[in-house]
Amino acid sequence: MKKMVKKHPLAIRWFHWVNFPVLGVMIWSGLLIYWANDVYKIGFGNKTLVKFFPQSVYQALHLERHLAEGMAYHFVFMWLFFLNGIAYVLYTIFSGEWRYLVPNRHSFKEAWQVFLHDLHLRKEKPAQGKYMRHNGWPIQL
């Protein structure tokens, strides 16, 4: 019978899942800001080769100019993103999870072995750890 092994503590999973909708809203609000004044283009001088959103896109989607609304959402959700990031950093420091984020003396050798294995230049599998799989199943150290 298959058994699910949780590799990450509940707090880390929550910090990452909070970021998912927050970043979605920030991307949407960033597009509202961008659509309010579409100044970015590829070209030189007065000659425009490509605009990222042609006028036909604005007309087809009935996009209005929402600069203030986009900025308001962007700044509110930026603070949520910032506070969630600070909480994540503090949690990793006080829980000891930071040890998994910082390379150790074996990290570069293991990365090289993974690189060679991925290029099919090395047949044997690299060393398996917390973020690796063993026989297709996640393992917990």
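Residues are called buried under 20% relative accessible area, exposed over 50%, and partly exposed in between, with a 1.4 Å probe and protein chains only. By that rule Thr92 is buried, because its relative accessible area is 5%. The model is predicted, so local features need pLDDT of at least 70 and side-chain atom pairs count only at pLDDT 80 or more, while totals for chains, interfaces and linings use all residues. Residues are numbered from 1 along each chain as its sequence is written, and side-chain values use heavy atoms, with hydrogens and water left out.

Thr92 is a handy place to begin. This residue lies in helix 3; helices (H or I, at least four residues) and strands (E, at least two) are DSSP runs, numbered from the N terminus. The side chain of Thr92 reaches the backbone oxygen of Val89 at 2.8 Å. With contact taken as heavy atoms within 4.5 Å, and residues up to four places away in sequence not counted, Thr92 touches Ile12, Glu97, Trp98 and Leu101.

Aromatic rings come next. Rings of Phe, Tyr and Trp (its six-membered ring) pair if their centres lie within 6.5 Å; planes under 30 degrees apart count as stacked, over 60 as edge-to-face and the rest as tilted. This rule gives six aromatic pairs. One of them joins Phe15 and Tyr88 edge-to-face, with 6.0 Å centre to centre and 80 degrees between the planes. The pair links distant parts of the chain, as Phe15 sits in helix 1 (residues 10–36) and Tyr88 in helix 3 (residues 67–95), 73 residues apart. Phe15, Tyr88 and Tyr91 form one aromatic cluster. Phe15 counts as buried because its relative accessibility is 16%.

Leaving aside residues up to four places away in sequence, Leu49 touches Ile42, Gly43 and Phe44.

The expected span of a helix is 1.5 Å times one less than its number of residues. The 12 residues of helix 4 should therefore span 16 Å, and its end C-alpha atoms are 16 Å apart, which agrees. Helix 4 is followed by His120, placed in the loop between helix 4 and strand 3 (133–134). Most residues other than glycine have a negative phi. His120 is not a glycine, yet its phi is positive, about 65 degrees. His120 is also exposed, because its relative accessible area is 71%.

Notes:
Polar contact = N/O pair within 3.5 Å; in protein donor to acceptor, adjacent residues only side chain to side chain.
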